Amino acid sequence: MMRAAVVRFPGSNCDMDALRAAERAGCRAYFVWHRDDDLQQADVVLLPGGFSYGDYLRSGAIARFSPIMQAVRRHAADGGPVLGICNGFQILCEAGLLPGALLPNAGLTFVSRPVPVRVENVATPFTTAYRKNELVHFPVAHGEGRFVAAPDTIEELEASDRVVLRYADGGNPNGSSADIAGICSSDGNVVGIMPHPERVADPAIGDDPGHKFFSSLAAWRAAAPDEQITTPA
Amino acid sequence: MNFRAHIRVMPRDGLLDPQGQAVENALTELAFDGVSSVRVGRAIEVGVAADSLEDAEDATRRMCERLLANPVTEDFLIEVDPA
């Protein structure tokens, strides 16, 4: 059984949704506190949405200095999967684990609604269960989700197929460059997305198009080289 | 010696600044003519104990690079005075 660590920061508020989504996908999921420095042999790390440290200064700017982030950094450097959702994506960018930054929405309003997105990269540990360019509807809920990066960074993301999710059908809710809703690291193991698959991952509340973000992990693990697996199967 | 660092963090030129745009629209609606290029940033003040003005400036610059400004999207200006 895969071990999934859900990091809790002061102000995290999608932590339980992330935990439940990972559990439903067959993971042994548990919380780790931001003051901890040990991921407890996690196979996968989830950075949930919320407003860590009140979003003071900039979203994610202070969370990145939490002791647990050192462990997350090592886990990522060893090839371990990391998924940052919404505030988690902001933290990954602030921590330099993903390029770019997330700025206040172009319309200045907090947007909270389902949006159409395409899953463009289906090679990451979180997306192998999707069809390439599969269209799904995920909720977004953010005030600072406008992805920006230097033009050559955007070019590189596009050229190396590192756009994981892209707002589709004119549904860009925040003015993100190139309609980018989520990206991954050059190795593909670190993924940051603004939409919330964990909020649509249980048929009890309707459709569950987000479930595959978590069920992909099993297929990824089955195909992963041994050295990427930190606990016995 | 004690110093006071005055830091101005501004959105990088060329990046869309929706706050600046909203403020500009409001100023125009208030009939302030000739208003243009409004940008909204943030001012931060930090008390710094250091051996010299140069050291205080250097420390402040490192604070900006590590935390106070986002190198991807923001520029910063520093002014350090004796406290």
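Modeller: A salt bridge is a side-chain nitrogen of Lys or Arg within 4 Å of a carboxyl oxygen of Asp or Glu. Side chains of opposite charge can pair when their charged atoms come close. The structure holds 17 salt bridges over all chains. This is a predicted model, in which local features need pLDDT of at least 70 and side-chain atom pairs count only at pLDDT 80 or more, while totals for chains, interfaces and linings use all residues. Residues are numbered from 1 along each chain as its sequence is written, chains are lettered from A and ligands numbered from 1 in the order in which they are written, and side-chain values use heavy atoms, with hydrogens and water left out.

Start with Arg221(A) and Asp43(A), whose side chains meet in a salt bridge at 3.3 Å, N to O. This pair links distant parts of the chain, 178 residues apart: Arg221(A) is in helix 5 (residues 212-223) of chain A, and Asp43(A) is in the loop between strand 2 (28-33) and strand 3 (44-47) of chain A. Helices (H or I, at least four residues) and strands (E, at least two) are DSSP runs, numbered from the N terminus. Both Arg221(A) and Asp43(A) are buried; buried means under 20% relative accessible area, exposed over 50%, and partly exposed in between (1.4 Å probe, protein chains only).

Glu94(A) and Arg64(A) form a salt bridge through their side chains, at 3.3 Å, N to O. They too link distant parts of the chain, 30 residues apart, with Glu94(A) in helix 3 (residues 87-94) and Arg64(A) in the loop between strand 3 and helix 2 (67-77) of chain A. Glu94(A) and Arg64(A) are both buried.

In another salt bridge, the side chains of Glu134(A) and Lys212(A) meet at 2.9 Å, N to O. Here strand 7 (residues 134-142) of chain A, which holds Glu134(A), is linked to helix 5 of chain A, which holds Lys212(A); the two residues are 78 apart. Glu134(A) counts as buried because its relative accessibility is 9%, while Lys212(A) is partly exposed because its relative accessible area is 26%. Shared partners also join salt bridges into one network of Arg58(A), Arg64(A), Glu94(A), Arg42(B) and Glu74(B).

Two strands pair if DSSP finds at least two bridges between them. Strand 6 (residues 111-119) and strand 7 of chain A pair in the antiparallel sense over nine bridges. One such partner is Leu135(A) in strand 7 of chain A, which bridges to Arg118(A).

The loop between strand 6 and strand 7 of chain A contains Glu120(A). Glu120(A) counts as buried because its relative accessibility is 15%. Leaving out residues up to four places away in sequence, Glu120(A) touches Lys132(A), Asn133(A), Asp161(A), Val163(A), Val164(A) and Arg166(A), where contact means heavy atoms within 4.5 Å.
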